[in-house]
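Please read them with the structure open.

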Amino acid sequence: MYLNFNVLCTLLIGVAQGTPLIRSPTPHARNQQIQWSPCEANGTLATECAAFPVPLDYTNEASDATLNLELIRIRAPNSPSKGSVFLNFGGPGDNGKLSLATYGPMLQAATGGYHDLVVLTPRGMGNTIRFSCYATDEERAAASTLYPELAGNASDVALGHNNVSSGVFADTCYATQNETGQFMTSAFAARDYIRVIDALEEDGLLRYWGLSYGTILGATIAAMFPDRIGRVILDGVANPHEYQLNRDLQMLVDTDNVLTGFCEECVATPDKCPLARDRSAAEIEEAIYELIDHVKFHPLLIPVAGTPTLLEYTTLKTQIFSVLYSPTGWDDFSAFLDNLMTGKLEEAGEYLTKITSGPPSLDAEAQFGIKCSDSYRTDNSEEDVLSLIKQRHELSRIGGDVSDFVLTRCAEWKIKPKERYTGNFQATTKNPLLIIGNTADPVTPLAAARNVSAGFTNSVVLEHGGYGHASLGQASLCTAKAARAYFMDGTLPEPGTKCEIDTTPFSGDNGWEKVLKELAADSK
C-alpha cells in the first residue's frame, strides 16, 4: 500500500482538525536525550536501537500519557557526521527494520556516507504502539477466511461483499482499538519526528528520505513545520490531496502503461521472457488479459508447497499488479504466466511456493489504522463511494479494482482521530525539497510528484527513468549522485533533469552493485 496549506511560516496550523496552535517543544523535551544501545536488525551493518518517550496525545496538554517510539540507527561510516537522515519506507505501516537491512548500504552511499541513518517505527507498528484489530493471528486468519478481500470485478456481488465486510472490519477495529486508535495519524507522527529531532541535539532540522506513503508523511511534516526542513527527499510520490480525502485516483494513471512496458521489454529480451515466443507486445498484453478473464470463470487448482490451492481472479490480478512494483522479478514472473497459459501448473506452483509468505502479522492492520485515520470523514455516501470505484475501474484495467476494499474500509471507519492534517500541502520551507518520480510507476506516477512539487516553493522534481515503484528498485548512478549532492551540500538538480537507470528489466539485477562501486570510486 502506498500512500497520501496554506501554512504560515510561523507555526500556526488552525486548519488541523481539533488542533491547538503548534508550539515549540518544551525545554524539558529539548533536553531529553536518546539512549542508544547495540541491537540486531538482520542486516550487514551494525545497528543501534532506542526507545524514546513522546506524548500519546499532543492535543491534550494536561495528559501525561506517553508512548515509546522505537528508533533504529546505522551510524555514518565517515566522520564527522553531518547529522541524521530519517527513512520511511512507506506502507503506511512498514516498520522499516527489514527495509533498512535491505537498503542500508545503498542509502548510506546515496546520502554521502557522512550521515547516520535512522528509522522511526511509526505509531501503529511493532514496539512503538501496535494497531491490531485481532488478538491473535488465528483470529485474523479466521476473519480473512470469512471475509476475504475481493477485487471489485471478481463477481457481480464482490462490491457488496466488500462493503459489508468493511463494516464488520471497522466495527472490529473500533471495539479493540477505540482507546489508542485515535492517535495514529500522520499529524501525530509529524510531531513525533520533531520531538526526536530536538532530542538528537544536531541542528534542529529534518533530514528525511520518504518513499511511497513516506512521501505523504514527509509532505505533512513539511507543511506543518516548514521552518524545520533541512534536506527532504520525497521518492515515489503519492497525491496527498486525494489521500487525505480517501479519494485516490491519480495513483492509477500510469498502472496500465507499466504493464504495457512489461510486455514491450519482454519482446526486447525474448531470451529472458518465455512469454515472447513469436508474439508482439500487444499480443502478450492481450494474452494476459485473456488469462485473467479465463481464471475469473475457471479458477486454476495449483499445488503450492504440496497443497492444492485455488488461483482465482483476485489472487492472480493482485499478483500481476504487485509484480509491476519490482522489475527485478519480471523474468521469473513471465515464466509463471507462461506456465499458466500453457497448462504447466506444477511449474507454476513452484513459483507460488517460492513467493508465498506466511499469514498476516499482528502489524497487518496498521495501514488501515493510519490511512483511514488520515482520511477520516463522516460524509461518505454509498453513491459517492460507488462513483469513485467506477472511476478507478475506468482509469486502470489491471489495477483499478484490486484495492477496492481499502477504499470501502476507510469509508466505513469508526475511530475518529484526535488530530488529522486537513490543509492544502503548500508551504515555503526553510530549505527546498527534492522530489523524485519514476517515469513508469504503477502506483505513484510522475504526475503526482509534479503535483506535490507545485505546493512547495522552490522544490525540484527529478525524473528517474525506470519502471517500478520509487527509485530504489532500479539503480541509477545519476539519481544517487543527485541525492548525495543534495544531502551533502544542498545542491538541487536542474529542473527538468531526467536520470537514466543503470540496469534493464528482465535482467533480475537491480543495478545497485555496479552503482555502489562507481559511487565508491567517485568519492576517493
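1. Start with Cys273. This is a predicted model, and in it Cys273 is buried, with a relative accessible area of 1%. Its partner is Cys266: the two form a disulfide, with their sulfur atoms 2.0 Å apart. Cys266 is buried as well, at a relative accessible area of 0%.

2. Handedness of this first link. The torsion about the S-S bond of Cys266 and Cys273 is about -90 degrees, so the disulfide is left-handed.

3. The wider count. How many disulfides does a search of the whole structure find? The search finds 5. Counting the bonded cysteines along the chain, the pattern reads 1-2, 3-4, 5-6, 7-8, 9-10. A disulfide is a covalent bond between the sulfur atoms of two cysteines.

4. One cysteine to check is Cys263. Cys263 takes part in no disulfide. The nearest cysteine sulfur belongs to Cys266 and lies 6.9 Å away. Cys263 is buried, with a relative accessible area of 0%.

5. Next, Cys372 and Cys410. A disulfide joins them, at 2.1 Å from S to S. The torsion about the S-S bond is -75 degrees, and the link is left-handed. Cys372 lies in helix H13 (residues 366-374) and Cys410 in helix H15 (residues 404-411), so the pair ties together parts that are 38 residues apart in sequence. Both Cys372 and Cys410 are buried.

6. Then Cys478 and Cys499. Their sulfur atoms are 2.0 Å apart, and they form a disulfide. This pair links distant parts of the chain, 21 residues apart. Cys478 sits in helix H17 (residues 477-489). Cys499 sits in strand S12 (residues 498-500). The torsion about the S-S bond of Cys478 and Cys499 is about -55 degrees, so this disulfide is left-handed.

7. Is Cys499 buried or exposed? Cys499 is buried, with a relative accessible area of 1%. Cys478 has a relative accessibility of 34%. Partly exposed covers the range between under 20% (buried) and over 50% (exposed), so Cys478 counts as partly exposed.

8. To recap the handedness. The link of Cys266 and Cys273 is left-handed. The link of Cys372 and Cys410 is left-handed. The link of Cys478 and Cys499 is left-handed.

Technical notes: Residues are numbered from 1 along each chain as its sequence is written. This is a predicted model: local features need pLDDT of at least 70, side-chain atom pairs count only at pLDDT 80 or more; totals for chains, interfaces and linings use all residues. Side-chain values use heavy atoms; hydrogens and water are left out. A disulfide is a pair of cysteine sulfur atoms within 2.5 Å. Buried means under 20% relative accessible area, exposed over 50%, partly exposed in between (1.4 Å probe, protein chains only). Helices (H or I, at least four residues) and strands (E, at least two) are DSSP runs, numbered from the N terminus.
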